[in-house]
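Student: I would like to go through this model with you, one feature at a time. May we begin?

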Amino acid sequence: MRVLLHSLFFLATVGSVTSTIYCLMAVVATVRFGLRKRREDRAASTFLPAISVLKPLHGAEPSLAESLEMYFQQDYPEYEVLFCARTAVDEGLQLAQRVAAKYPHVPVRFLTCGEPEYPNPKMWSLALMGREAKYEYLVTSDADARVTKECLRQSIKAFSDGSTALTSCMYIGTAEKGAGLSSRLDAIGKSVEMVSGCLVADMVEGGTHFALGVTMILPKRSWDDAGGYDELGQYWAEDFVLGNRLSKSGRRVLISNHVIRIMVLDTPFLESFRNQVRWMKSTRRSRPWGHLGSGLTFAMPFGLVGLLWGLLSGHVVGGVLWLAAMMLNRVVLAASALIALGEPRWLSQALLYPLRDLLGSLLWLGSYWGSAIHYHDSNLVLSEDGRVIRS
């Protein structure tokens, strides 16, 4: 029994210390980002090159029309919007056509790419749109991205110095109205885990060495500099590979000060869990050592171990306080990230985050369970270097 108690105490202590250190680093990183964001948002910019917006589509989601419409309401002098789906009868593409009809003043094109010839289907449609795009600067945006009318004007600022190769936008996970608990937890995880992890990495590593694929801004030549569409289309996390290769080549890769939203569908728990494990498996291949170390950034599992130690050792109050301290740890972490992003409902989400932290630790464990993933009715396998293999 003594060995068990010592083991539980040691595990809880180590995890609590590492997660607290990470929390403090995340607070510093998010405050740093928030200050930069406010400073850069106030700065005026006269650099307004023409932009091509690329929107890959695959089917229609409940809130897709509202997300698409924002790209026709941009406060920007000259831009075009390209949509691409596999077939002309795709529900998402047809919806985009109906939305576009309300904005005849915005140049728009609708493309079809057929069944993907790359293992990564998103890259197959991006490749076609990138080659068809009229302008040098591209904004690639996932279907579930929700932006404001200032998105293009704010996002392009970083390219005015001529040395930037790519920027990507941080995002706030947003569950649809009336969504269940699983989708709300997924949304909070996208906001807090992604944001804090990226900003801490940017702070510690002295710059950004990756990209976030939900919304990226880059010149056409950056695709070629990173290997081209054909090569990047072999990877599931093409955004990470793109940003990483550009950074390693000495090109400037940045996190934009402009924050968008990513809409999270209301999905059953098991489906949501599977989708998030798929994303974590991809992260494990992209940053294997960083992903392994992220297991020590969770707090709630170690708080529960501390509680168990307290119950078994007779230090019940100490165990309860241990768990409470780890819950506070997570609330502080979530609050700092959400406030920096500008989420108005930060308090209610921060109070729910301890539960998400516990779920996140289970997802992290699940990412080490095999290499198979399922996406859009396709069974795929992730190789150790992140390439996708059709099974």
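Student: In which helix does Ser19 lie?

Tutor: This is a predicted model, in which local features need pLDDT of at least 70 and side-chain atom pairs count only at pLDDT 80 or more, while totals for chains, interfaces and linings use all residues. Residues are numbered from 1 along each chain as its sequence is written, and side-chain values use heavy atoms, leaving out hydrogens and water. Helices are DSSP runs of H or I with at least four residues, strands are runs of E with at least two, and both are numbered from the N terminus. Ser19 lies in helix 1 (residues 2-42).

Student: Is Ser19 buried or exposed?

Tutor: Buried means under 20% relative accessible area, exposed over 50%, and partly exposed in between (1.4 Å probe, protein chains only). The relative accessible area of Ser19 is 0%, so Ser19 is buried.

Student: Which residues does Ser19 touch, not counting residues up to four places away in sequence?

Tutor: Contact means heavy atoms within 4.5 Å. With residues up to four places away in sequence left out, Ser19 touches Leu296, Thr297, Phe298, Ala299, Met326, Asn329 and Arg330.

Student: In what order do the eight strands form the open sheet?

Tutor: Two strands pair if DSSP finds at least two bridges between them. The pairing here is mixed, and the order is 3-2-1-4-7-6-8-5.

Student: Which strands stand at the edges?

Tutor: Each edge strand has a single partner strand, so one side of each is left without a neighbour in the sheet. These are strand 3 (108-112) and strand 5 (145-146).

Student: What is the bridge partner of Val139 in strand 7?

Tutor: Strand 4 (residues 137-141) and strand 7 (residues 215-219) run antiparallel and are joined by five bridges. In strand 7, Val139 has as its bridge partner Ile217.
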